[in-house]
Amino acid sequence: MNTTPEHNERIAKMTFATVYPLYLAKVERKGRTKEELHQVITWLTGFDDTTLLQLMDEKVTFETFFERAQLNPKAELITGTICGYKIEEIENSLTKQVRYLDKLVDELAKGRKMEKILRA
């Protein structure tokens, strides 16, 4: 599925610090914890808690966030639909990476077991 250049640009310019509280609120509303959210983000990106806080303090864009990340090799196993897009069909790599994160947060909020979320 092709996303528009405008859509990709909008995602690239969004800051992680703006979206993070939304992720946290979503998972906590569903009874999951901040620690579990961080575990999922760390699995995908390789960032530890200290680095996550630094990135939020710097107000990095998703583009910078994923440039600095060491994406988990198993990230390609993340499939399905998120925000109306089939992840495996997204051609823009940054948009795909952001949707990987969205999908993991969604799975966490839906109560999926951590082993399944982390593709273990």
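What radius of gyration would a compact globule with 120 residues have, and what does the protein chain have? For a compact globule the value would be near 14 Å, and the protein chain, at 13 Å, agrees with this. Here the radius of gyration is taken over C-alpha atoms, and the globule rule is 2.2 Å times the number of residues to the power 0.38. The model is predicted, so to speak of local features a pLDDT of at least 70 is needed, side-chain atom pairs count only at pLDDT 80 or more, and totals for chains, interfaces and linings use all residues. Residues are numbered from 1 along each chain as its sequence is written, and side-chain values use heavy atoms, with hydrogens and water left out.

Turning to the overall fold, the C-alpha trace of the protein chain spans about 35 × 30 × 25 Å along its principal axes. Its secondary structure consists of seven helices and two strands, arranged along the sequence as α-α-α-α-α-β-β-α-α. These elements are DSSP runs numbered from the N terminus, with helices (H or I) of at least four residues and strands (E) of at least two. Of the contacts with a separation of 6 or more, 67% are between residues 24 or more positions apart, a contact being heavy atoms within 4.5 Å.

Of the 120 residues, 47% are buried; the cut-offs are under 20% relative accessible area for buried, over 50% for exposed and in between for partly exposed (1.4 Å probe, protein chains only). The protein chain exposes about 6,600 Å², and carbon and sulfur atoms supply 50% of that area. Accessible areas come from the Shrake-Rupley method with a 1.4 Å probe, and for residues only the protein chains shown count as cover.

Charges come next. The protein chain carries 19 positive and 19 negative side chains, and the centres of the two sets lie 7 Å apart. Lys and Arg count as positive and Asp and Glu as negative, while His and the chain ends are not counted; each charge is placed at NZ of Lys, CZ of Arg, CG of Asp or CD of Glu.

Nine salt bridges are found, each defined as a side-chain nitrogen of Lys or Arg within 4 Å of a carboxyl oxygen of Asp or Glu. One of them pairs K26 with D106, with the closest N and O atoms 2.8 Å apart. Because K26 belongs to helix α2 (residues 16–29) and D106 to helix α6 (residues 93–109), this pair ties together parts that are 80 residues apart in sequence. K26 is partly exposed at 28% relative accessible area, whereas D106 is buried at 12%.

A salt bridge also joins R68 and E58, at 3.0 Å from N to O. R68 sits in helix α5 (residues 62–68) and E58 in helix α4 (residues 49–58), so the parts tied together are 10 residues apart in sequence. Both partners are partly exposed, R68 at 41% and E58 at 46%. In the salt bridge between K86 and E88, the N to O distance is 3.8 Å; K86 is partly exposed at 34%, as is E88 at 39%. Salt bridges with shared partners also join K26, D106 and K110 into one network.

I82 is buried, with a relative accessible area of 8%. Leaving aside residues up to four places away in sequence, I82 touches I87, R99, D102, K103 and D106.
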